[in-house]
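Colleague: I'd like to go through this one with you, and I'll keep asking how you know things. Can you bring it up?

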Amino acid sequence: LVSDWSSTCALPISPLPTLHTLALDGCQVQSLPALQLRSASLRVLMLRGNEIQRVEGLDEVPSLTELYLDRNKLRSVDEPGLYGVPNLTTLSLTENFLRSLDGLRGLRALARLHVGSNRVADLEEVDKLKALESLSELICQGNAMARKPVYRSTVLYRLPGLAVLDGRRITPEERDKAAAVFEAPPPGIYLAAAAALPPSSFP
């Protein structure tokens with residue numbers, strides 16, 4: 001019975017029907033298909049510090065719940081590459097070269113997403129995570145968008161289901177402040193409304 005295994009970097013990986021955790025950190029893996037992963041029991045896959053450029057080759061690990069691809073060479077995530085892992089609850093893509101948050105909307109079970117220290121600059125990318133109904137923890141620090149003054153308020157407002165952002169638990173007070181920022185009437189609206197009122201009949 002094999003439940004946990006840290007490989008000596010020999011590829012491909014032989015089919016191991018009872019494998020639960022596979023750690024291949026720092027093994028100079030260049031592609032996921034090269035691993036020929038086939039395991040109905042695999043839950044945790046660690047591939048940090050490799051040379052992987054695309055998320056693919058996961059069609060035969062349907063029970064996977066945790067995937068760690070930190071410190072690879074990913075520039076984007078193609079949505080079809082994640083079709084085979086619908087039960088994924090943790091996805092860590094820290095320290096890659098991502099410029100967008102595309103390709104993740106199909107991960108309805110995803111609870112924890114770590115995309116810190118990438119190259120995401122536009123705060124509008126956060127809207128692409130709205131489809132992740134189970135998302136409760138998000139790490140984006142280290143991206144250009146996280147340095148913008150309204151970053152935290154924007155994320156809290158657009159992703160109201162979050163409980164933790166960048167390692168800090170979100171408080172009710174923070175949520176209220178974010179709502180006040182984005183739901184406040186535009187400047188001058190009261191003046192415009194007052195100007196539209198009919199003249200007063202009182203002397």
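Colleague: What is the mean pLDDT of the protein chain, and how many of its residues reach 70 or more?

Modeller: The mean is 88, and 82% of the residues reach 70 or more. pLDDT is the predictor's confidence in each residue, from 0 to 100. Over residues 189-194 the pLDDT is below 50, and beyond near neighbours in sequence this stretch has one contact in the model (contact means heavy atoms within 4.5 Å). This is a predicted model, where local features need pLDDT of at least 70 and side-chain atom pairs count only at pLDDT 80 or more, while totals for chains, interfaces and linings use all residues. Residues are numbered from 1 along each chain as its sequence is written, and side-chain values use heavy atoms, with hydrogens and water left out.

Colleague: Which helices and strands does the protein chain have, and in what pattern?

Modeller: There are three helices and nine strands. Along the sequence they run β-β-β-β-β-β-β-α-β-β-α-α. Both kinds are DSSP runs numbered from the N terminus: helices are H or I with at least four residues, strands are E with at least two.

Colleague: Why is D166 called buried?

Modeller: Its relative accessible area is 15%. Buried means under 20%, exposed over 50% and partly exposed in between, with a 1.4 Å probe and protein chains only.

Colleague: Where does D166 lie, and what does D166 touch?

Modeller: D166 is in the loop between strand 8 (164-165) and strand 9 (168-169). Not counting residues up to four places away in sequence, D166 touches L138, I139, C140, Q141 and Y151. As for H114, that residue is 52 residues from D166 in sequence and 8.7 Å away in space, C-alpha to C-alpha.

Colleague: What makes the D166 and Y151 pair a polar contact?

Modeller: Their side chains are joined at 2.7 Å. A polar contact is a pair of N or O atoms within 3.5 Å; within protein, one must be able to donate a hydrogen and the other to accept it, and residues adjacent in sequence count only if both atoms are side-chain atoms. The 2.7 Å value falls within 3.5 Å, so the pair qualifies.

Colleague: And what about T21 and H20, how do you know that their contact counts?

Modeller: That contact is side chain to side chain, at 2.8 Å. T21 is found in strand 2, and T21 counts as buried at 12% relative accessibility.

Colleague: Which residues of helix 1 are buried, and what covers them?

Modeller: Y151, R152, T154, V155 and L156 are the buried ones. Their cover includes strand 7, strand 8, strand 9 and helix 2.

Colleague: How many aromatic pairs are there, and why is the Y157 and F182 pair called stacked?

Modeller: The structure holds one aromatic pair. The Y157 and F182 rings have centres 5.1 Å apart and planes at 15 degrees. Rings of Phe, Tyr and Trp (its six-membered ring) pair if their centres lie within 6.5 Å; planes under 30 degrees apart count as stacked, over 60 as edge-to-face and the rest as tilted. Both values meet those limits, so the pair is stacked. The pair links distant parts of the chain, with Y157 in helix 1 (residues 151-158) and F182 in helix 2 (residues 172-183), 25 residues apart. Y157 counts as partly exposed at 33% relative accessibility, and F182 counts as partly exposed at 31%.

Colleague: What makes you say that R48 lies over the face of Y68?

Modeller: R48 is 5.3 Å from the ring centre of Y68. A charge sits over a ring if NZ of Lys or CZ of Arg is within 6 Å of the ring centre and within 35 degrees of the ring normal. R75 likewise lies over the face of F97, at 5.1 Å from the ring centre.
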